[in-house]
Amino acid sequence: MQQPSDMRVTRILWAAAILLLAFVMAWPAIGGMIAVNDDIKFVRVPTHGEPVAKQIADAWRTSPSFRPLELMVAAGCDERTLACPIAIVVQMAGLAVLAWGVVALARIVMPGQPWVAPIALIWIAMSPGTTCAAWQIDAGSQTWSAALGTWACVLCWRSFVAARAGRIAWGTLAMLTLVFALGVNIKETFYGWSAGIGVVAIAATLWLFVRDRAAALRAAPTLLPVVALPIAHMAARWLTGAMSQSANANQDSRYQIELGMNLVINAAQSVAGAIGTGPFYLLADEKAPLALRALPALAGLVELCLLAAAIEFAVLRPAREKRLHWMPVALMCVAGMISLSVTFPMGSVSELYGFGANVMIALLVGVALTALWRAAEIEDRGLTRTIAMVGGATALMVGLYGLAGRAHHFGNIWLCTRTANEQIVAFMDTRPAAPKYGDAPMSTIYFPASCRPERSYGAYIMPVAQAVDILNTVDWMKRLHPRHPTTFSLDTDAPNHGPYDMVVGCDAMPRDGHW
């Protein structure tokens, strides 16, 4: 039974977790999220007005990537303003389902300990991967992939528990099948969850086979939705000719499969996005104070120290009957980290792809902090609580700093994109009409040097021309006004500003700074 002081801590932790998750959910609405950069290629497309069902069917046949959720979200976006309120609702729902799954996983990895779930949710809310997914229009698929992957772990665990108890949990298997059927049609990265959970499930089945063949046979059906279904789906996608197109994709595409140094670089970035927190966007900013640039490394060091201390004081030192049961959270972390493997052959990745695996790392942090607190109760070691408090407070401050910084930068890029887009659309609507016969003179959109920031980083610090996806935007303008040829020029002012030219005004746009 919890002591009154522990109950107060529980309430504080849950209040903090709910507040931070609410902020992550609400910031797109507060900050004015619109389609930016890669998002725009899903919105300003020739097929935008077509029925969504037709777009999904065409994507299955012709697109190397198959993401029906992104197509449904893009269909609810406004081509002119780039506003997309439906994306906010989709992201909120995905985060809510994810949080529900985290609570269920927390009860598995450390039963009877109410602190694990809120600590994990706090860590997830502060994670760069979470916000990079939740604050982009076209990343709802990543949010839902993480949510479904979390529930896949829950259901797979329940299936094995039932098998060891002497029965086959058919209802759980049906739900697991539904989760994987949805997941593989949400985003290709869900194949990673099949790999991660599949490796753990196969190993667990073999372990059971050695000790209890009947239990192993009861657990074996779990492999059908976890392994067989995704393989069958991938084969279908490949044989229809759509997925196989990735082999001949544009060499400059980030989704082009490569087998070189990108494997090492992408592995490092994906793992960092899963385990790290803090202001990643400052790592390569030479003008930022060194103390701020070192914060992500400090957070990683704190994580290692907390884990090492938890292993020492909660696993190695106590008597066997008092030791922390660490196997469940270890298996979850193995599944989560293996799930990242599908991103390694890509042309490039970002911390976005760590969303999903970071859920398992968050559970590990929650278990470590809770175990250190419990170790003091078992052997009256005040040292472990000191480690938990200092380490937890340090990680919290670094994480909150990074969360605040990303909120600032995302808010800036949304505002800059909206401002530039309004100028471009107004120019498109008010420029002189084309002559009765023939085409109008060439229109040029100029982006002066003031439209380029001092640095670029990921999906939220970039030049304005990139933010409005000028290539797709110009193509969109040509489709709307085919007799108005349009081009653009970067880092230059109009030499002879005529009625068919415009200069994007960036002087009054917010600057990102070095913090």
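Here are legends for a few close-up views of this predicted model.

**View 1. Strand β1, tucked inside.** Let's start with strand β1, which covers residues 443-447. Five of its five residues are buried, so the strand is largely enclosed by the rest of the structure. Look at where the side chains go: Ser 443, Ile 445 and Phe 447 point one way from β1, while Thr 444 and Tyr 446 point the other way. Whichever way they point, all of these residues are buried.

**View 2. β1 and its partners, β2 and β3.** Which strands does β1 pair with here? One is β2, residues 486-490, which is paired with β1 in the parallel sense over five bridges. To find your place in this pairing, pick out Ile 445, whose bridge partner in β2 is Phe 488. Another is β3, residues 501-503, which runs parallel to β1 and is joined to it by three bridges. On that side, look for Tyr 446 opposite Val 503.

**View 3. A salt-bridge network around Glu 50.** Now for some charged residues. Side chains of opposite charge can pair when their charged atoms come close. A search of the whole structure turns up nine salt bridges. In this view, Glu 50, Lys 54, Asp 58 and Arg 61 are linked in a network of them. Within it, Glu 50 and Lys 54 form a salt bridge whose closest N and O atoms are 3.4 Å apart. Are these two residues buried or partly exposed? Glu 50 has a relative accessibility of 28%, so it counts as partly exposed. Lys 54, at 40%, also counts as partly exposed.

**View 4. Arg 67 and Glu 70, a buried pair.** This close-up shows the salt bridge between Arg 67 and Glu 70, with 3.4 Å between the closest N and O atoms. Both residues are buried.

**View 5. Asp 429 and Arg 80, a link across the chain.** Here Asp 429 forms a salt bridge with Arg 80, and the closest N and O atoms are 2.4 Å apart. What parts of the chain does the pair link? They are distant ones: Asp 429 belongs to helix α18 (residues 382-430), whereas Arg 80 sits in the loop between α4 (68-75) and α5 (85-109). Asp 429 is partly exposed, with a relative accessible area of 43%. Arg 80 is partly exposed too, with a relative accessible area of 37%.

Conventions:
Residues are numbered from 1 along each chain as its sequence is written. This is a predicted model: local features need pLDDT of at least 70, side-chain atom pairs count only at pLDDT 80 or more; totals for chains, interfaces and linings use all residues. Side-chain values use heavy atoms; hydrogens and water are left out. Buried means under 20% relative accessible area, exposed over 50%, partly exposed in between (1.4 Å probe, protein chains only). Helices (H or I, at least four residues) and strands (E, at least two) are DSSP runs, numbered from the N terminus. Two strands pair if DSSP finds at least two bridges between them. A salt bridge is a side-chain nitrogen of Lys or Arg within 4 Å of a carboxyl oxygen of Asp or Glu.
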